[in-house]
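Look at the sequence and the structure shown here first. The briefing after them goes through a few features by topic.

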Amino acid sequence: LELRAPTTPGRYGFAWQVMHGMEAVGEPSPRVDPVVLRAADCNQSNTAARFVGQNAPPATVDPNQPFDVRATFANCSMRVWDAAHRLDSALDGMARPWGAGPVALPLPVGPGFAIDIPFRVRAPAMHGRYPYRWRITSPDGPLDEPSPATDITVRCIPQCGDHNCGGDGCGGSCGSCPGGYSCDGAHCQAPDRPVCGELQW
């Protein structure tokens, strides 16, 4: 038999059976479940893992915003990436500001093949600029090469609520008070009302 692998990566089982018309004859062959993956070019690689690509992350996100990620790495080592291998953070100290990792590989990966790893991240709760980078890890530690170093901005969302004056938490203002009124940090106070900070007991 000459076989052709499926075009979509995955695990596919097959077994063979002698048939007489529509009736099976004897016992089938043992079932096997080979993994189908795309071949990877490791000729120019001198690392155990080679970063192939990823869907571009957004440049700016809201606090706690989730989004889907798909990263592709090639196994350019001499061993199979089995269930003990993971995708994880490539940041200093294995920091995980994006709330993801370690992520199980969807399939074992033989030498010379690449794997697409889909996963979901969630932006940090505090606004700021955060590094974003991934790599493959093994029981012996992280494998080079990681994805390129990238920074993503978590934007500041003004928080005013029912405030009509004072800061909005993002360096802006929730409004200003009319002449003669003072702001207690959140609300405008009439001129005839005492300002708490000026009371003496």
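**Briefing**

The structure holds five disulfides (a disulfide is a pair of cysteine sulfur atoms within 2.5 Å). This is a predicted model, in which local features need pLDDT of at least 70, side-chain atom pairs count only at pLDDT 80 or more, and totals for chains, interfaces and linings use all residues. Residues are numbered from 1 along each chain as its sequence is written, and side-chain values use heavy atoms, with hydrogens and water left out.

**Disulfides**

- Counting the bonded cysteines along the chain, the disulfides follow the pattern 1-2, 3-6, 4-7, 5-9, 8-10.
- Cys 42 is joined to Cys 76 by a disulfide, with 2.0 Å from S to S.
- The link of Cys 42 and Cys 76 is left-handed, with -80° about the S-S bond.
- Cys 42 lies in the loop between strand E5 (38–39) and strand E6 (49–54), and Cys 76 in the loop between strand E8 (66–75) and strand E9 (86–89), so the pair ties together parts that are 34 residues apart in sequence.
- Strands (E, at least two residues) and helices (H or I, at least four) are DSSP runs, numbered from the N terminus.
- Cys 42 and Cys 76 are both buried; buried means under 20% relative accessible area, exposed over 50%, and partly exposed in between (1.4 Å probe, protein chains only).
- Another disulfide joins Cys 165 to Cys 183, at 2.1 Å from S to S.
- The torsion about the S-S bond of Cys 165 and Cys 183 is about 90°, so this disulfide is right-handed.
- Cys 165 lies in the loop between strand E15 (150–154) and strand E16 (182–183), while Cys 183 is in strand E16, so the pair ties together parts that are 18 residues apart in sequence.
- Cys 165 counts as buried because its relative accessibility is 1%, whereas Cys 183, at 37%, counts as partly exposed.
- Cys 177 and Cys 188 are also joined by a disulfide (S to S 2.1 Å).
- With -95° about the S-S bond, the link of Cys 177 and Cys 188 is left-handed.
- Cys 177 lies in the loop between E15 and E16 and Cys 188 in strand E17 (residues 188–189), so this pair ties together parts that are eleven residues apart in sequence.
- Cys 177 has 23% relative accessibility and so counts as partly exposed.

**Strands and sheets**

- An open sheet is formed by three strands in the order E7-E15-E12, with mixed pairing.
- Strand E7 (60–61) and strand E12 (128–132) stand at the edges, each with a single partner strand, so one side of each is left without a neighbour in the sheet.
- E7 and E15 pair in the parallel sense over two bridges; two strands pair if DSSP finds at least two bridges between them.
- Val 61 stands opposite Val 154 in E15.
- E6 and E8 run antiparallel and are joined by five bridges.
- Gln 54 stands opposite Ala 71 in E8.
- E8 also pairs with strand E11 (residues 113–122), in the antiparallel sense and over nine bridges.
- Thr 72 has Asp 116 in E11 as its bridge partner.
- Seven of the ten residues of E8 are buried, so E8 is largely enclosed by the rest of the structure.

**Aromatic pairs**

- The structure holds eight aromatic pairs; rings of Phe, Tyr and Trp (its six-membered ring) pair if their centres lie within 6.5 Å, and planes under 30 degrees apart count as stacked, over 60 as edge-to-face and the rest as tilted.
- One of the pairs is Trp 98 with Tyr 130, which is edge-to-face, at 6.4 Å centre to centre and 75° between the planes.
- Trp 98 lies in the loop between E9 and strand E10 (103–104) and Tyr 130 in strand E12, so the pair ties together parts that are 32 residues apart in sequence.
- Trp 98 and Tyr 130 are both buried.
- Phe 119 and Trp 134 also form an edge-to-face pair, at 5.0 Å centre to centre and 75° between the planes.
- Phe 119 lies in strand E11 and Trp 134 in strand E13 (residues 134–138), so this pair ties together parts that are 15 residues apart in sequence.
- Phe 119 counts as buried at 8% relative accessibility, and Trp 134 is buried with a relative accessible area of 2%.
- One aromatic cluster is formed by Phe 67, Trp 98, Phe 119, Tyr 130, Tyr 132 and Trp 134.
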